[in-house]
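The following paragraphs are intended for a reader who meets this structure for the first time. Please keep the sequence and the model in view while reading.

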There are 2 protein chains.
Amino acid sequence: MNLKQLSELLHLSQTTVSRALNGYPEVSEATRKRVQAAAQAHGYAPNMRARSLATGRAMSIGHVIPVSSKHEMVNPVFADFIAGAGETYSRNGYDMVLSVVSDDGEEAAYRAFKMKGSVDGIIVHAPRLGDPRIHLLNEIGLPFVVHGRASDAQEPYAWVDVNNTHAFERATRFLLDLGHRRIALVNGLETMDFAIRRRHGFEAALAERGLSADLALISSDEMTEAYGHDTARALLARPDPPTAFLVSSMITAIGVRRAIEELGLVMGRDVSVITHDDELSYFRNGGDTRLYTATRSSVREAGKRSAEMLLDMIHNQTGPQELLLEAELTLGQSTGPTSKET
Amino acid sequence: MNLKQLSELLHLSQTTVSRALNGYPEVSEATRKRVQAAAQAHGYAPNMRARSLATGRAMSIGHVIPVSSKHEMVNPVFADFIAGAGETYSRNGYDMVLSVVSDDGEEAAYRAFKMKGSVDGIIVHAPRLGDPRIHLLNEIGLPFVVHGRASDAQEPYAWVDVNNTHAFERATRFLLDLGHRRIALVNGLETMDFAIRRRHGFEAALAERGLSADLALISSDEMTEAYGHDTARALLARPDPPTAFLVSSMITAIGVRRAIEELGLVMGRDVSVITHDDELSYFRNGGDTRLYTATRSSVREAGKRSAEMLLDMIHNQTGPQELLLEAELTLGQSTGPTSKET
DNA sequence: ATGAAAGCGCTAACAG
DNA sequence: CTGTTAGCGCTTTCAT
């Protein structure tokens with residue numbers, strides 16, 4: 001059923017039917033009711049392709065997902081973000097278009113989005129330091145929101161980010177309060193913006209107490225499980241091993257934990273592990289192991305807010321906005337009730 | 001830059017330019033070269049909306065992601081599937097459209113896809129027993145491929161599935177070979193088709209040895225971590241606790257493992273855990289703990305094959321096809337090199 | 001308050 | 001080989 005058929009059925013012009021359905025004021029309430037009823041009855045819905053062509057609005061938002069062999073971008077974090085954003089899109093009648101491309105095809109993917117006219121805006125994921133994409137998108141002229149930040153960007157851009165600095169500062173402070181003095185930071189690749197911020201937070205908390213970070217205890221790499229395992233093994237073999245690990249990713253923390261187990265050490269007694277990106281209490285243990293979570297719900301919230309910001313930019317032609325969200329943390333004893341620190 | 005402008009620039013008709021770009025044979029190689037060069041130079045790409053409207057092909061595939069408060073459909077498995085499918089789409093010039101909807105909005109989402117004309121086909125996720133969606137989609141008349149099966153479906157439909165029965169049969173056999181006799185099956189909700197198949201595989205392996213499943217050791221629920229933890233705690237508190245757990249989900253297995261730790265038991269000595277949906281050796285331990293993985297790469301492969309099948313159906317008007325993939329398993333000692341059993 | 005007609009950018013008969 | 005002419009289904013002036 002299309003507009004023409006519907007209008008013939010009603011003995012009205014396409015124009016009137018269109019206006020009635022789209023809430024234009026100049027149509028009489030009587031006909032509007034009649035039209036709406038008929039549309040409902042016949043299951044009519046406007047063809048989005050045609051509407052897009054006529055209006056110039058694509059009614060969809062693009063996400064580019066780079067997926068390489070080494071770098072596992074398609075991770076749980078991303079899934080949560082998508083869930084948050086997706087709901088916002090649905091509610092506003094937008095579609096979400098995913099473009100999964102290999103590393104090198106990323107720029108082409110953004111350009112394609114523009115040229116093909118298939119999206120009204122774009123969400124940029126996992127910004128790096130000096131990320132070329134923000135310049136690219138400004139040049140392309142498609143509204144976009146970055147999930148995260150590129151600290152050294154030369155031009156203004158819209159972003160939504162979780163306060164990584166603060167989150168890691170608090171986590172470190174928490175470990176210090178427990179008496180830990182040798183804390184290892186198992187960080188993500190420091191080409192990623194968030195990793196740098198996390199390190200800053202870590203260092204800031206130490207500095208606060210007059211301590212300085214032991215470089216030997218700081219590592220940074222692609223956040224795989226093997227990386228966590230090997231790093232922890234190496235650190236625990238030192239004459240002065242760390243008594244606590246602050247780990248940037250859930251997956252990596254699993255590796256750290258495996259290493260600890262392999263050495264016959266007891267989590268929470270011999271060594272503590274705190275991780276980010278984790279709501280599922282993956283690391284809850286017996287004893288006094290502490291847990292720390294910057295929750296998946298935070299990521300989902302970020303997705304929602306990013307989507308809202310982008311739609312706002314598109315609808316109101318507003319300039320770049322910025323939004324810093326505080327991570328929802330949980331710090332405390334795992335055996336007892338956990339304390340929400342917000 | 002659009003077709004008209006480009007054609008005027010070249011002093012050719014839109015038709016010729018279109019034909020040249022789309023590889024129609026009736027255009028001379030000379031003009032084709034000229035056109036392609038110009039298109040390249042001016043960064044011309046056809047507007048997909050217009051093309052879709054003209055051809056009737058949307059050049060995109062829809063995925064409906066139901067996301068409820070209780071049921072965490074947006075899981076790692078899904079992310080891997082998307083990665084596999086997405087690459088296939090990209091390579092064929094298709095877009096992937098995600099529709100994130102709340103539980104009850106699922107049917108409406110499928111109908112909307114059809115009516116809005118925004119997709120050429122649909123991938124159906126997480127089929128349940130007696131899933132109403134396969135009938136719905138047949139009625140709607142949009143090509144679709146189901147990832148998984150709905151065993152009791154009354155009508156033919158296309159599907160791609162991993163051989164869950166066989167996978168769990170092998171895993172169970174493996175545990176039996178190790179001498180285990182009291183094996184717990186911590187299964188997913190048995191409204192889900194795959195969960196039923198897994199149980200069948202489990203039971204078949206037991207039957208093979210003249211054993212029958214102890215109903216007290218079989219559980220089935222939403223695959224959360226808490227479910228795994230609570231179930232394991234309860235089972236291990238029995239006078240005759242299981243010596244091994246076969247767990248349907250990575251997340252749930254984390255809970256099982258936590259329970260084991262809480263009781264001061266040693267993984268691999270006192271009790272073994274084997275899980276599905278896991279490639280990251282989450283459960284690799286010291287000692288002789290066994291590990292079993294139906295890998296994430298299998299899921300990704302399923303995504304790829306589903307996409308290929310769907311595109312084939314769309315292009316060649318072929319009827320429903322069926323494809324059963326064997327899961328890539330890894331069974332063995334975790335300390336030594338793991339043996340790939342394929 | 002309603003309708004006629006033009007046009008969004010492209011493809012696809014149908015001519016030559 | 002190339003061009004002319006209709007649409008695809010919808011929105012949007014411009015009339016009435």
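How many residues surround DNA strand C, and which are the closest? In this predicted model, DNA strand C is surrounded by 25 residues. The closest of these are Asn2(B), Leu3(B), Ser18(B), Ala50(B) and Ala54(B).

The surface near DNA strand C draws on both protein chains. By residue type, the surface near DNA strand C consists of 9 nonpolar, 13 polar and 3 charged residues.

Two of the helices named above also pack against each other. The axes of helix 1 of chain B and helix 2 of chain B lie 8 Å apart and form an angle of about 100°. Helix 1 of chain B is therefore roughly perpendicular to helix 2 of chain B, since angles of 65 to 115 degrees count as such. On the side of helix 1 of chain B, the contact involves Leu3(B), Lys4(B), Leu6(B), Ser7(B) and Leu10(B), which meet Gln14(B), Val17(B) and Ser18(B) of helix 2 of chain B. The residues of this contact comprise 4 nonpolar, 3 polar and 1 charged. Leu3(B) and Ser18(B), which take part in this helix contact, are also among the residues closest to DNA strand C.

Attention may now turn to chain A as a whole. Chain A contains 12 helices and 13 strands. Of its 342 residues, 49% are buried. Among the contacts in chain A with a separation of 6 or more, 65% join residues 24 or more positions apart.

The two protein chains also meet each other: 46 residues of chain A are in contact with 46 residues of chain B. On the side of chain A that touches chain B, two or more residues come from each of helix 4, helix 5 (76-91), strand 2 (95-101), helix 6 (106-116) and helix 11 (250-262) of chain A. The largest share, 9 residues, belongs to helix 5 of chain A. This side of chain A divides into 24 nonpolar, 12 polar and 10 charged residues.

Strand pairing also links the two chains. Strand 2 of chain A pairs with strand 2 (residues 95-101) of chain B in the antiparallel sense, over 3 bridges. Within strand 2 of chain B, Met96(B) is the bridge partner of Leu98(A).

Definitions and conventions:
Residues numbered from 1 in each chain as written. Chains lettered and ligands numbered in written order. Predicted model: local features only at pLDDT ≥ 70, side-chain atom pairs only at ≥ 80, totals over all residues. Near = placed C-beta within 6 Å. Nonpolar A, V, L, I, M, F, W, Y, C, P; charged D, E, K, R; others polar. Axes fitted to C-alpha atoms, helices over the stretch in contact; angles between N-to-C directions. Helix = DSSP H or I, 4+ residues; strand = E, 2+ residues; numbered from the N terminus. Parallel < 35°, antiparallel > 145°, perpendicular 65-115°, else oblique. Contact = placed C-beta atoms within 7 Å. Buried ≥ 20, exposed ≤ 12 C-beta atoms within 10 Å, placed from the backbone. Pairing = 2+ DSSP bridges.
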